[in-house]
Amino acid sequence: MDEHTTASAEDIRKHVRVYLIVFAALATLTVVTVAVSYVHLPILPALVVGLLIATIKGGLVAAYFMHLVSEKKVIFGVLIITAVFLVGMFILTLSSFHDQEGIMTFTP
């Protein structure tokens with residue numbers, strides 16, 4: 001077996017190991033998500049915890065399964081701008097929900 005074939009097999013083993021670790025992290029975070037759903041939290045902390053877990057899971061998928069971890073800095077710049085807009089949309093949604101909280105009450 002030549003050296004190049006051995007190095008490729010070793011690279012494949014490294015990639016498989018990383019994918020298995022990411023898969024285990026995603027499975028663990030899924031279990032954490034289900035466990036958090038059984039904890040009776042107020043809506044805002046529950047929403048923040050759920051979005052935090054979903055963000056971590058999405059980041060792992062984007063970084064390793066979409067191979068963004070090895071991309072150039074331009075891609076990271078675009079992703080950071082997208083994340084800033086995403087956080088802005090979350091803040092707008094939460095502030096809208098907070099403003100309508102008193103309006104949604106039902107009085108018979």
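Good morning. Because the model is predicted, local features need pLDDT of at least 70 and side-chain atom pairs count only at pLDDT 80 or more, while totals for chains, interfaces and linings use all residues. Residues are numbered from 1 along each chain as its sequence is written, and side-chain values use heavy atoms, with hydrogens and water left out.

Let me begin with the overall layout. The chain has three helices and zero strands, and its elements run α-α-α from the N terminus on. Helices (H or I, at least four residues) and strands (E, at least two) are DSSP runs, numbered from the N terminus.

Next, the confidence. The pLDDT is the predictor's confidence in each residue, from 0 to 100. The chain averages 84, and 86% of the residues score at least 70. Among the elements, helix α3, residues 73-100, has the lowest mean pLDDT, 86, whereas α2 has the highest, 90.

How much of the chain is buried? Buried residues make up 7% of its 108 residues. Here, buried means under 20% relative accessible area, exposed over 50%, and partly exposed in between, with a 1.4 Å probe and protein chains only.

The largest nonpolar core consists of five residues: Val22, Leu26, Leu29, Ile53 and Leu60. Both α1 (3-38) and α2 (43-65) supply at least two residues of this core, and the largest share, three residues, comes from α1. A nonpolar core is a set of buried Ala, Val, Leu, Ile, Met, Phe, Trp, Tyr and Cys residues joined through side-chain atoms within 4.5 Å.

What does Leu29 touch? Not counting residues up to four places away in sequence, Leu29 is in contact (heavy atoms within 4.5 Å) with Ile53, Ile56, Lys57 and Leu60.

Val32 also lies in helix α1, and Val32 counts as partly exposed because its relative accessibility is 34%. Its C-alpha atom is separated by 9.6 Å from that of Gly50, 18 residues apart along the chain.

Finally, the surface. Ile43, Leu44, Leu47, Val48 and Phe97 form a nonpolar patch with about 460 Å² of accessible area together. Helix α2 gives the most to this patch, with four residues. Patches are made of residues with over 30% relative accessible area and no salt bridge; like charges are joined within 9 Å and nonpolar side chains (Val, Leu, Ile, Met, Phe, Trp, Tyr) within 5 Å. A salt bridge is a side-chain nitrogen of Lys or Arg within 4 Å of a carboxyl oxygen of Asp or Glu. Accessible areas come from the Shrake-Rupley method with a 1.4 Å probe; for residues, only the protein chains shown count as cover.
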